[in-house]
Amino acid sequence: MSAATTRSRTPDRLCAEAVDLARAAAEEAAAPGVVGAHEGLVAEGDRVVTHFFGCAELGYRGWRWAVTVARASRAKIVTLDEAVLLPGPDAVLAPEWVPWSERLRPGDMGPGDLLPTDAEDLRLEPGFCGEDEPAPDSAVSTEMAELVEAEDAEVTDGSPRNLPAAPSRGSIAAVAEELGLRRARVLSRYGLHTAADRWEEAYGAKTPMAQAAPAACVSCAFLMPIGGSLGQAFGVCANEFAPADGRVVSLTYGCGGHSEAAVMPKPPQPAPPVIDETRVDPFPLRPARDSGSVPDTDDETAELGHS
C-alpha cells in the first residue's frame with residue numbers, strides 16, 4: 001500500500017477538528033434549528049474531510065448535512081469546500097421514477113383522458129395484411145415504372161397517367177371494407193391471452209364467490225354469450241342482482257344468483273270452502289239454564305247463585 005493511499009484514508013487532524021466551521025456552514029445553508037448533532041466524519045482525500053450533521057427538518061428522516069472542508073498543503077487554515085444535504089443509509093427516499101405507460105392501472109382513466117397506444121403494442125396486430133398497391137398493369141405501378149425506364153419509353157398522356165394512386169375499388173382496403181374489417185388493428189394472440197388471464201382472475205373459478213356458488217355460469221340463464229374465440233370460455237352476466245352484472249365472466253364462475261340454483265316454489269293455494277245446502281243445523285239464541293258451571297236454583301235471595 002502506497003503512502004498516498006494511507007494518507008487519504010486517515011483524516012487530516014486540522015480538518016477533523018474544524019467541527020464548528022462545518023456547523024456554521026450547515027446552519028447558514030439550512031433553515032434555523034434544523035441542523036442536528038455531529039454524526040461523524042470521513043476522509044475524502046489528502047487534507048479533505050466531510051463532516052456529517054443530523055437533519056431535524058420534517059420530511060427528511062435519515063438525511064444529514066454533509067459539509068466538506070479542506071486545507072492546502074503546508075497551510076494552517078482550514079477552508080470551506082461545500083455544504084449539501086444528502087440521504088443517509090436509512091433515509092426516506094422517493095420511489096424510482098416510472099414512465100406513465102408503466103404507472104397506469106385499470107380504472108385510472110377519467111372523462112376526457114386519452115390513452116395512446118404504441119405502434120408496436122404487443123396486444124395488437126394488423127386487422128388485414130397487404131398494402132394499397134396499384135395493380136401490376138397500372139401506369140403508376142412499380143413494375144410499369146421499371147418497364148418504362150428499361151425501354152426508355154414515356155407514358156402517353158391519358159387518364160391512367162393522371163391517377164395519383166390506384167383506384168380504390170379492388171384494393172386491399174376496399175376488400176377489407178366490404179368484408180367488415182374496418183379496423184386497422186385487432187387483438188393479437190398475446191392481447192387475447194392477457195385479457196383472458198385478467199378476466200379469469202377477477203371473475204373465474206378460483207374466486208371466493210365461485211367457490212361458494214351452487215352452480216357455474218355455463219348453466220345459468222343470465223349468461224349472455226359473446227362472439228369470437230373468447231366466447232368459448234367467457235360470457236357477459238345479465239343478472240342485475242349478481243355481483244358481476246354487466247361484466248365479462250368465465251364460464252366456470254358462479255354466484256348465488258344462478259337462475260337454476262334455488263327456484264322459488266309457488267305459494268300454496270287454500271282449498272275452496274265446501275257449503276252443504278241440504279241440511280240445517282239449529283243454533284239456540286240463548287244458552288240453556290243448566291249449561292253453566294253453577295247449578296240453577298230458585299232462591300231469589302242468592303244474587304250470585306251461591307253463598
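This note goes through the main features of a predicted model, beginning with a sheet and ending with a helix.

1. **The sheet.** Four strands, in the order E1-E2-E3-E4, make up an open sheet with antiparallel pairing. Strand E1 (35-45) and strand E4 (78-87) are the edge strands; each has a single partner strand, so one side of each is left without a neighbour in the sheet. From one strand to the next, the twist averages 20°.

2. **Pairing of E1 with E2.** These two strands run antiparallel and are joined by 7 bridges. Within this pairing, Val42 stands opposite Thr50 in E2. The hairpin of E1 and E2 has 2 residues between the strands, and Arg47 takes a positive phi near 60° there.

3. **Pairing of E3 with E4.** Strand E3 (residues 63-71) pairs with E4 over 9 bridges, again in the antiparallel sense. Val67 has Ala83 in E4 as its bridge partner.

4. **The helix across the sheet.** Helix H3 (residues 19-29) lies across E1, strand E2 (48-55), E3 and E4. Its direction is at about 115° to E1.

5. **The largest nonpolar core.** This core has 12 residues, among them Ala22, Ala25, Ala26, Phe53, Cys55, Trp63, Trp65 and Val67. At least two of its residues come from each of H3, E2 and E3. The core also includes Ala30, Val34, Val35 and Ala91.

6. **Trp65 and its surroundings.** Which residues is Trp65 in contact with, leaving aside its neighbours within four places in sequence? They include Ala26, Ala29 and Ala30, together with Val34 and Val35. The contacts of Trp65 also include the residues His51, Phe52, Phe53, Gly54 and Cys55, as well as Val84 and Leu85.

7. **The length of helix H8.** Helix H8 (residues 189-202) has 14 residues, which at 1.5 Å a residue should span 20 Å. The C-alpha atoms at its ends are 20 Å apart, in agreement with that expectation.

8. The buried residues of H8 are Gly191, Ala195 and Ala196. Because they cover an arc of only 130° around the axis, they lie on the same side of H8. An α-helix has 3.6 residues a turn, so residues three or four places apart point the same way. Arg189, Asp197 and Glu201 are exposed on the other side of H8. Strand E6 (185-187) and strand E8 (234-237) are included in what covers the buried residues of H8.

How values were computed:
Residues numbered from 1 in each chain as written. Predicted model: local features only at pLDDT ≥ 70, side-chain atom pairs only at ≥ 80, totals over all residues. Heavy atoms only, no water. Pairing = 2+ DSSP bridges. Axes fitted to C-alpha atoms, helices over the stretch in contact; angles between N-to-C directions. Contact = heavy atoms within 4.5 Å. Core = buried A, V, L, I, M, F, W, Y, C linked by side-chain atoms within 4.5 Å. Buried < 20%, exposed > 50% of the residue type's maximum accessible area, 1.4 Å probe, protein only. Expected span 1.5 Å × (residues − 1). Arc of directions from axis to C-beta.
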